[in-house]
Structure formats: structure tokens, C-alpha cells
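Dear colleague,

I am passing on a structure that will be new to you, and I would be glad if you kept it open while reading the notes that follow it.

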Amino acid sequence: MNTVNTIKVAVLGANGRMGRTVCAAVEAAADLELVAALDAGDDLAQVAASGASVAVDFTVPAVTEANVHALVDQGVHAVVGTTGWTDESRARVADHLATSAEEGTAVGVLIAPNFGLSAVLAMTFAARAARYFESAEVVELHHPNKVDAPSGTATHTAQAMAAARSEAGVAPSPDATESGWEARGADVDGVRVHAVRLRGLVAHEEILLGNEGEQLTIRQDSFDRVSFMPGVLLGIREVVGRPGLTVGLENVMDL
Ligand SMILES: NC(=O)C1=CN([C@@H]2O[C@H](COP(=O)(O)OP(=O)(O)OC[C@H]3O[C@@H](n4cnc5c(N)ncnc54)[C@H](O)[C@@H]3O)[C@@H](O)[C@H]2O)C=CC1
Ligand SMILES: O=C(O)C1=N[C@H](C(=O)O)C[C@H](O)C1
């Protein structure tokens with residue numbers, strides 16, 4: 001039922017695996033109203049025309065930045081789960097938001113590589129633990145329909161771990177590899193990230209930390225896309241009161 005305090009929500013990528021799940025979650029939430037469900041080929045002008053104050057983007061890495069700029073131009077807050085973001089693309093959004101605020105329209109954008117509570121906690125714990133171990137590697141495991149690798153979650157995790165290790169003056173992980181580097185995964189700021197694609201999986205991450213004689217393994221599993229929904233709904237409710245760019249749900253959760 002429509003109430004005065006209802007947040008009107010548009011979903012971009014509404015026909016996709018995540019988009020369909022988000023539409024159902026928004027429709028089931030008493031304080032949210034789904035007013036637009038758009039997919040490839042639809043005119044983004046429909047977002048503002050629908051009266052949406054928040055748009056949720058679960059599309060593809062190739063289009064998500066352009067979508068966010070279009071939403072900011074329309075004065076619509078954005079909750080973004082799509083991967084593929086870089087320091088440069090995030091900086092362009094932050095600049096756009098600053099300009100928009102100077103011109104009198106304060107818009108909030110939340111970009112989160114993972115909205116699952118277990119993943120957000122795993123990333124946070126990994127960043128805290130990273131400086132206490134000589135070796136640190138990340139393994140991400142996903143369904144085989146995923147188009148990007150390594151995952152946004154694994155990249156975010158490795159970057160946070162690398163920053164914590166660098167700040168603490170930890171030496172690079174020991175590694176005597178002389179050949180076969182392609183088997184050692186991607187190098188994300190000095191942390192090796194390995195990507196597995198396997199039928200039957202949804203989204204999983206394992207962070208491996210090693211010292212002489214001991215290992216810490218931090219693992220999280222999303223068995224179903226409903227696991228991302230509490231985080232997405234929290235993002236929708238919070239972004240309207242957070243002008244500017246927020247990166248990572250951990251900041252919304254005050255972790
Ligand atoms: N942050 C998080 O918690 C999560 C992030 N993801 C990320 O979300 C993204 C989407 O994942 P899936 O739903 O599995 O992919 P998907 O391929 O099932 O869905 C993507 C949808 O976007 C649509 N699309 C493409 N271009 C568009 C455009 N210009 N405007 C509107 N819609 C457009 C496609 O037609 C498709 O329906 C990926 O980048 C994935 O890595 C996925 C799960 C959780
Ligand atoms: O494509 C997916 O499925 C997922 N993508 C995100 C990522 O790349 O980290 C989040 C989650 O892992 C599911």
C-alpha cells in the first residue's frame with residue numbers, strides 16, 4: 001500500500017538475475033514502492049518520469065557508470081551493485097556529485113561490491129587480519145555466467161588487505177615462483193586473487209592468511225541471491241540521507 005513515507009524505487013537491469021530478485025524484494029517491503037523496472041534498450045528518462053527518488057543498478061560493467069551519471073543528472077539517488085568500477089570511474093562520479101551539490105541538488109550514490117552481510121563481514125575481518133600474516137591470498141568462486149573476473153568483492157577485499165599491510169609495513173607475501181605466473185592468479189595491489197567458475201555455485205569467497213605453522217581462513221558463502229537483499233534494502237533507505245559518494249556497505253553499517 002502507498003503511504004506518505006514510501007520511497008519510490010526504480011530498478012535498472014530488472015530482467016537480470018539480481019534485478020528480478022531486487023524487484024521482488026522492493027515489492028515485498030512495506031516502506032518501498034517499485035515504480036519503474038527498466039532493462040537494456042529502455043529510456044533512462046523513465047526513471048525521473050516515474051517519480052523514483054532512488055534507482056538500484058544491477059546491470060553490466062560496461063554501462064553502469066553512464067547510468068549513474070544519468071541518474072545524478074536527474075537528481076535521483078543511486079544504489080549500485082554492478083561491478084567493474086575503478087578508482088578513476090568512482091572519482092568521476094564523486095566530481096559529478098560535488099558539482100551537482102554546488103548547483104543545489106544533493107544526490108547520494110552508494111556503490112557496494114557486495115551487499116551480503118557475510119561478505120561485508122568477511123571483507124572487514126580480512127582487512128583487520130591482513131597485517132598479522134606473512135602470506136595473504138584470496139580465492140573467489142562464482143557461477144559460470146559471471147562476465148567479469150576477478151569479482152568486485154575479491155578486488156575490494158584484496159585492495160583493503162593490501163592497504164592495511166602497506167600501512168603496517170608488512171613485506172610482500174613470500175613467493176619463490178619463477179615461471180608459470182599465469183597459474184598464480186591476478187595481482188591486486190600485491191595480493192594474489194584466484195577466480196573459480198563452477199556450475200552450481202552462486203557467490204563465495206575465501207581469504208587465506210598464513211604464518212609459519214598456522215593459517216587463518218575466512219570464508220563466506222552466498223547460496224542464494226536473496227542473501228543480498230537486506231543489504232540492498234538498507235542501501236535504498238540510507239542513500240537518501242547520504243549525499244555524495246559512499247563506497248562499500250561497511251560504511252553504511254558502521255563496521
Ligand atoms: N553488489 C552485489 O552484492 C552483487 C553484485 N552483482 C553484480 O551485479 C551485476 C549484475 O549481475 P547479474 O544480475 O547476475 O547479471 P545479469 O546478466 O543476470 O543481469 C544484468 C541485466 O542488466 C541488463 N542490462 C544491460 N545493459 C543495460 C542497460 N544499459 N540498462 C539497463 N539494463 C541493462 C541486462 O539485459 C540484464 O538483464 C554484475 O556486475 C554482478 O557482478 C551480482 C550479485 C551481487
Ligand atoms: O556476479 C555475481 O554473481 C556477483 N558479483 C559481485 C562481485 O563481482 O563481487 C558480488 C557477488 O560476488 C556476486
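Two terms are needed before anything else: helices (H or I, at least four residues) and strands (E, at least two) are DSSP runs, numbered from the N terminus, and two strands are said to pair if DSSP finds at least two bridges between them. Please keep in mind that this is a predicted model, in which local features need pLDDT of at least 70 and side-chain atom pairs count only at pLDDT 80 or more, while totals for chains, interfaces and linings use all residues. Residues are numbered from 1 along each chain as its sequence is written, chains are lettered from A and ligands numbered from 1 in the order in which they are written, and side-chain values use heavy atoms, with hydrogens and water left out.

I begin with the strands. Strand S9 (residues 203-211) pairs with strand S6 (residues 135-142) in the antiparallel sense, over eight bridges, and His142 has Ala203 of S9 as its bridge partner. S9 is also joined to strand S10 (residues 214-222) by nine bridges, again antiparallel, with Leu208 standing opposite Thr217 in S10. S9 and S10 make a hairpin that has two residues between them, and in its turn Gly213 has a positive phi of about 80 degrees.

An N or O atom in the side chain of His142 is 2.6 Å from an oxygen atom of ligand 2, a polar side-chain atom of Lys146 lies 2.7 Å from an oxygen atom of the ligand, and for a backbone N or O atom of Gly152 the distance to a ligand oxygen is 2.9 Å. Of the 320 Å² of accessible area (Shrake-Rupley method, 1.4 Å probe) that ligand 2 has on its own, the protein covers 84%.

Ligand 1 has 20 residues around it, of which Arg17, Met18, Asp39, Thr83 and Phe115 come nearest. Backbone atoms supply the contacts that I noted here: an oxygen atom of ligand 1 lies 2.9 Å from a backbone N or O atom of Arg17, one is 2.8 Å from a polar backbone atom of Met18, and one is 2.8 Å from a backbone N or O atom of Phe115. Taken alone, ligand 1 exposes 860 Å², and the protein buries 81% of that. The shell around ligand 1 divides into nine nonpolar, eight polar and three charged residues.

Two details of the backbone remain. A cis peptide bond, with omega about -10 degrees, joins Ala149 and Pro150, and Pro150 has its place in the loop between S6 and helix H6 (152-167). Asp189, found in the loop between strand S7 (186-188) and strand S8 (191-197), has a positive phi near 50 degrees although this residue is not glycine.

Note on methods. A polar contact is a pair of N or O atoms within 3.5 Å; within protein, one must be able to donate a hydrogen and the other to accept it, and residues adjacent in sequence count only if both atoms are side-chain atoms. A residue is near a molecule or strand if one of its heavy atoms lies within 4 Å of it. Ala, Val, Leu, Ile, Met, Phe, Trp, Tyr, Cys and Pro count as nonpolar, Asp, Glu, Lys and Arg as charged, and the others, Gly among them, as polar.
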